[in-house]
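These are my notebook entries on one structure. I record what I looked up, entry by entry.

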Amino acid sequence: MKNVVLIGFMGTGKTSVGRLLAGRLGRPFVDIDQKIERHARMTIAEMFATRGEEYFRRRERETVGRVARYRNTVIATGGGVVLDPGNMARLRTGGVIVCLTASVDTILERTGRSNARPLLDRTDRRELIARMLAERAPLYAGADYTVDTDGQTPRRTVDIIVDYLRQEGYLSG
Ligand code: S3P
């Protein structure tokens, strides 16, 4: 069976929804950012601070290359995975791409709780989020299916994704 690949901006719930979805489907769950952190033995915030974004993007590409070969797995990506068309081409070969979206307010609220996101570690966060969302919107729009997570619990978002996967025949065979 194909992988289910979750893409979307920071704070749209990819990791929590991915973990729940994998549990619901009885499939393994892989989070690309967590894999990068474990492999490098440092957090992504540390990686950005000590090695820079380009270094992180290289690690991200390598990890996508490996994980894209998996099958039958729920994969949560980092928000910037869409910036590299090669990443998306690889993930798409064996997977259905589901994008999670949320409003600027929701993202601001959800990402405000931790400082684990170096790209948002700024004072003008609202403007920054709005600008990055607008820049990346065309890339996220390339998903096979999109779910708006505003006002939804992760459980409800999982229900919506499962309905879609079932309807499209991804869960049979
Ligand atoms: C990034 C999103 C982060 C992480 C890194 C860069 C981005 O992942 O990969 O900080 O460019 O949007 P989450 O979307 O899981 O926060």
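How far is an oxygen atom of the ligand from an N or O atom in the side chain of Arg136? I found 2.7 Å for this pair, where a polar contact is a pair of N or O atoms within 3.5 Å.

I note that this is a predicted model, in which local features need pLDDT of at least 70, side-chain atom pairs count only at pLDDT 80 or more, and totals for chains, interfaces and linings use all residues. Residues are numbered from 1 along each chain as its sequence is written, and side-chain values use heavy atoms, with hydrogens and water left out.

Entry on further contacts. I looked up Arg117, where a side-chain N or O atom is 2.6 Å from an oxygen atom of the ligand. For Lys14, I read 2.7 Å between a polar side-chain atom and a ligand oxygen. Taken alone, the ligand exposes 390 Å², and the protein buries 94% of that (Shrake-Rupley method, 1.4 Å probe).

Entry on the shell. I see 13 residues surrounding the ligand, with Asp33 and Arg57 among the closest (near means a heavy atom within 4 Å). The shell comprises 5 nonpolar, 3 polar and 5 charged residues; Asp, Glu, Lys and Arg count as charged, Ala, Val, Leu, Ile, Met, Phe, Trp, Tyr, Cys and Pro as nonpolar, and the others, Gly among them, as polar.

Entry on Asp148. I located Asp148 in strand 5, residues 145–148 (a strand is a DSSP run of E, at least two residues). Leu100 is 48 residues from Asp148 in sequence, yet their C-alpha atoms are 5.9 Å apart.

Key. Polar contact = N/O pair within 3.5 Å; in protein donor to acceptor, adjacent residues only side chain to side chain. Helix = DSSP H or I, 4+ residues; strand = E, 2+ residues; numbered from the N terminus.
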